[in-house]
Amino acid sequence: MRSSKFVVLVAVLVAACGAPAAGRQSRPADGALVGVTMPTTSSERWIRDGENIKRDLESRGHRVDLQFAQNDVPNQVRQIEDQIARGAKLLIIASVDGSALTAPLQRAADARIPVIAYDRLLRGSQNVDYYSTFENFRVGVYQAESLLTGLGLRNADASRGAATGPFNVELFAGSADDNNSVFFFNGAMSVLRPYLDDGTLVVRSGQTEFQAVTTLRWDGETARKRMEEILTTTYRRSKVNGVLSPYDGISLGVLTALKDNGYGPGFPIVTGQDAELGSVKSIIAGQQYSTIYKDTRELATVTALMAEAVLKDRTPPQLNNLNDYHNGVKVVPAFLLNPVSVDRTNYHRVLVESGYYTDDQLR
Ligand code: BGC
């Protein structure tokens, strides 16, 4: 949602343009080449992110080289090295594997090119200047809360629901090489843990540890296979009532496995993330239960403002998190945006009235 709070925030960011960072000379931003690398085109969100950020930076007079790594680490390394060789003045990187870019990041630092980690934290390197993302822990909290709401254990106003359980649930996490996956999972488990501890929620597969439930590269087909395996080995005589899914592509994979095993109409509660078109349609059709909307237009704008400051050798104003994103070497100063939980009750207000989707797209 393009909230008025966000508009005010952007106005403040623009006005405040930051103080020159100590000891650095100011450089003109005009026409600077900015290298942007996104992880994949297999998910709509990254296409939108890439396009939004390119448009935003170009409207500010910069040149942009936008690359998609197609979930291939060596590919992303090559793309970044190429951008460095072509004289990029700034790199904006949404990584495939957050820990796999230390070598190109060192080369960027050697060439005095600053780096902004976009949405996914770059780990294991000193050479990351700033980080723009969403409140990732809160994403997980919202996913778990909507799972509880869907099951009837919690009301939308956060009061205790009428249902008592016990309910069978299964857990999915994102890719283990993405720092966000840990935040999402920990956020979700902070809500679910008491329900698991007192037996209101039961994970019949026994797979409750992060490492056991991750999904390499967030791949929907990998998730489908895991769900299929769980259903055929564990749920021959019982039903699964809910699935914690961290991403819409995984949710659709899980729903396919459920359909293949005789579920529906009337599906278990399946969560998600990114408000991708297929999943929003599935929510409207009463299949997927919820998703988490992250307005990539806001993330692109905030990142472009950050880029503007960095290109002028200024500290980006209004960094709002200086503590939580330790990348194994240093704490990366971050700007975090708010995610929004979406289900059938509010999708129209949040997604259509904000202009993210048109009614036609959702038909
Ligand atoms: C992003 C999520 C996205 C996931 C899969 C994460 O790093 O924060 O929004 O669902 O990657 O693409």
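**Ground rules.** I take two strands as paired if DSSP finds at least two bridges between them. Helices (H or I, at least four residues) and strands (E, at least two) are DSSP runs, numbered from the N terminus. The model is predicted, so local features need pLDDT of at least 70 and side-chain atom pairs count only at pLDDT 80 or more, while totals for chains, interfaces and linings use all residues. Residues are numbered from 1 along each chain as its sequence is written, and side-chain values use heavy atoms, with hydrogens and water left out.

**Sheet.** I looked up an open sheet of four strands and got the order β7-β6-β8-β9, with parallel pairing. β7 (201-202) and β9 (269-270) are the edge strands, each pairing on one side only. I then checked how β8 (residues 242-244) meets β9: the two run parallel and are joined by two bridges. Gly-242 stands opposite Ile-269 in β9.

**Pocket.** My pocket search runs on a 1 Å grid over the protein atoms alone; a pocket is an open set of points where a 1.4 Å probe fits, with protein on both sides within 12 Å along at least five of seven lines, and lining residues have an atom within 4 Å of a point. Grid points are joined across faces, edges and corners, and a volume is the space filled by probe spheres set on the points. The largest pocket comes out at about 340 Å³. Of its 22 lining residues, Ser-43, Trp-46, Arg-217, Trp-218 and Tyr-247 are the closest to its centre. α2 (44-59) and α6 (179-197) are the elements that give two or more residues to that lining, and α2 gives the most, with three.

By class, I read four nonpolar, eight polar and 10 charged residues in the lining. (Ala, Val, Leu, Ile, Met, Phe, Trp, Tyr, Cys and Pro count as nonpolar, Asp, Glu, Lys and Arg as charged, and the others, Gly among them, as polar.) Domain 1 (4-128 + 295-338) and domain 2 (136-293) each supply at least three lining residues; the bounds come from an automatic or database domain assignment.

**Ligand.** Which residues surround the ligand? I listed Arg-45, Trp-46, Asp-119, Arg-120, Asp-178, Asn-180, Phe-184, Trp-218, Tyr-247, Gln-273, Asp-274 and Lys-294, where near means a heavy atom within 4 Å. A side-chain N or O atom of Asp-178 is 2.6 Å from a ligand oxygen. Asp-274 also has a polar side-chain atom 2.6 Å from an oxygen of the ligand. For Lys-294 I get 2.9 Å, again from a side-chain N or O atom to a ligand oxygen.

Most residues other than glycine have a negative phi, and most peptide bonds are trans. Asp-274 has a positive phi, near 105 degrees, and lies in the loop between β9 and α10 (277-284). Ala-158 has a positive phi of about 80 degrees, in the loop between α5 and β6. Pro-166 is in the loop between α5 (136-151) and β6 (167-171), and a cis peptide bond joins Gly-165 to Pro-166, with omega about 0 degrees. I logged another cis bond between Gly-264 and Pro-265, with omega about -5 degrees; Pro-265 lies in the loop between α9 (248-260) and β9.

Key
A polar contact is a pair of N or O atoms within 3.5 Å; within protein, one must be able to donate a hydrogen and the other to accept it, and residues adjacent in sequence count only if both atoms are side-chain atoms.
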